[in-house]
Amino acid sequence: MRNRTIALPIAGLSFFTMSCQPGDTRSPGAFSVTDSAGIQIVESAAPAWGEGGWTVSDSPSVVIGRREGDDRYLFGEVGGALMLRDGRIAVLDMQAALIRVYSAEGEHIEDWGGQGEGPGEFSFPASIFPYRGDSVLVSEFVASSFTIFDDQGRFGRRMIPEIQQSFYTEWRRRMEEGDRSVTPAESCCRLWGPLATGAFLLSHPEMIPQTGTGTKRATVTAAINPDSGGVAENVGEFAGGAYQLGLQDRPLGFQFQTWFNMTAGPDGYFATEGYSYSIDEYDDGGDLRRIIRLTRELRPVTDEVKAAYEAEMRDLIMAPGTPIEGGSPEEVLEMMLAGPYPSHLPTFSRLHVDQGGNLWAHHYPYGVNDDTNEYFVFSADGRHLGMVELQAGLWVYQIGTDFVLGRMTGDLDVNYVHLYAIGK
């Protein structure tokens, strides 16, 4: 197994600062590249865009979804959306177990899939990705199986990754035998997307012991599953969320929990643990190629931040009409606030690669009521280009060369799919 490189030795590193070329708006010394044994460390101290940069339109150019009326536009729960090569927009409705296909203008064309266990049907679809050529890939809940369609919705094949089947077999056995010694952590079982080779980028479940004392940081194991099926190859271990043991009869997740994130790129993939302003870039085989870093201070979790967070959580739980499960509002609030606080806020919470090969890293918001939706943008060579502000509440599914496609949630939790233009 290839393990993620945690640090590189200082000795033997060759340092050089990239100089500015005529017409380049970067400040001298804005970023530097360190090279050792074929692995680059690209560190940016200032954005290359300077005062300019890309912008995303304030208003969507296409809105799909309605609050009432035509069933073809009423979403139960949107799990993903993508723009096909001809401009059609495919939306995965998890509740209806359908891929609803719309024109570039947002008019319904047809539906693919359906609830069931037959070819081209779904049990619990969870995410949708563009696959090789014009194909579409749908992952079931916790990546238990993958279904591939062509661009006309014709069923191609289904694959069940052995790595996930093994996990569930073992987990069921433990539950049936009454074994409660470990439990899956929150970021269990994920398909992060297909690689350019057609293989599937997965992560193993994190397992947290139910007993013990002190702080436990979950471990996430990344794996690459061949497109032909077969045995997945573990390609690295990463730090996941933090948990406190011994305070209650279950592991307590930290407030402002850190999430491990990956995303596929043009010829490899990216990963971040979210504890620092650092992202690792790997090739298609799982070998570390580049480390991308920002010279930026971590944001401390101060007493003021804690107080604001607890006040917002209290208002949320105690609000009239809030659905409560697991006890009274006071008991639920106490459980939610039982976890300890980290010293600093997480850095990145989601990663995307656009169709031009640029990496977008979502900046973890500064509290429960922070509606900023900022993304750091890095060029294909790892330089920090600048920040892009998106619409508050937009959950991004796909970023193209000139568009952002995502989900907005309106009143009564009604889901809509929005398309925004990128200005460059």
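Modeller: Let's take strand E6, residues 78-83, in this predicted model. Five of the six residues in E6 are buried, so the strand is mostly covered; the cut-off for buried is under 20% relative accessible area.

Now look at the partner of E6. Strand E7, residues 89-93, runs antiparallel to E6, and five bridges join the two. In general, strands of a sheet pair through backbone hydrogen bonds, in either a parallel or an antiparallel way. Together E6 and E7 make a hairpin, with five residues between the two strands. In that turn sits glycine 87, which has a positive phi of about 95 degrees.

Side chains of opposite charge can pair when their charged atoms come close. Arginine 85 forms a salt bridge with aspartate 134, and their closest N and O atoms are 3.3 Å apart. Arginine 85 is in the loop between E6 and E7, while aspartate 134 is in the loop between strand E10 (125-130) and strand E11 (136-140), so this pair ties together parts that are 49 residues apart in sequence. Arginine 85 counts as exposed because its relative accessibility is 72%, and the cut-off for exposed is over 50%. Aspartate 134, with a relative accessible area of 35%, is partly exposed.

There is another salt bridge to find here. Aspartate 86 pairs with arginine 88, with the closest N and O atoms 2.8 Å apart. Arginine 88 counts as buried, at 10% relative accessibility. To put these pairs in context, a search of the whole structure finds 11 salt bridges.

The side chains of glutamate 177 and arginine 173 meet in a salt bridge, at 2.7 Å from N to O. Here glutamate 177 counts as exposed at 57% relative accessibility, and arginine 173 is partly exposed at 34%. Salt bridges that share partners also join Asp267, Glu281, Arg289 and Arg290 into one network.

Key:
Residues numbered from 1 in each chain as written. Predicted model: local features only at pLDDT ≥ 70, side-chain atom pairs only at ≥ 80, totals over all residues. Heavy atoms only, no water. Buried < 20%, exposed > 50% of the residue type's maximum accessible area, 1.4 Å probe, protein only. Helix = DSSP H or I, 4+ residues; strand = E, 2+ residues; numbered from the N terminus. Pairing = 2+ DSSP bridges. Salt bridge = Lys/Arg side-chain N within 4 Å of Asp/Glu carboxyl O.
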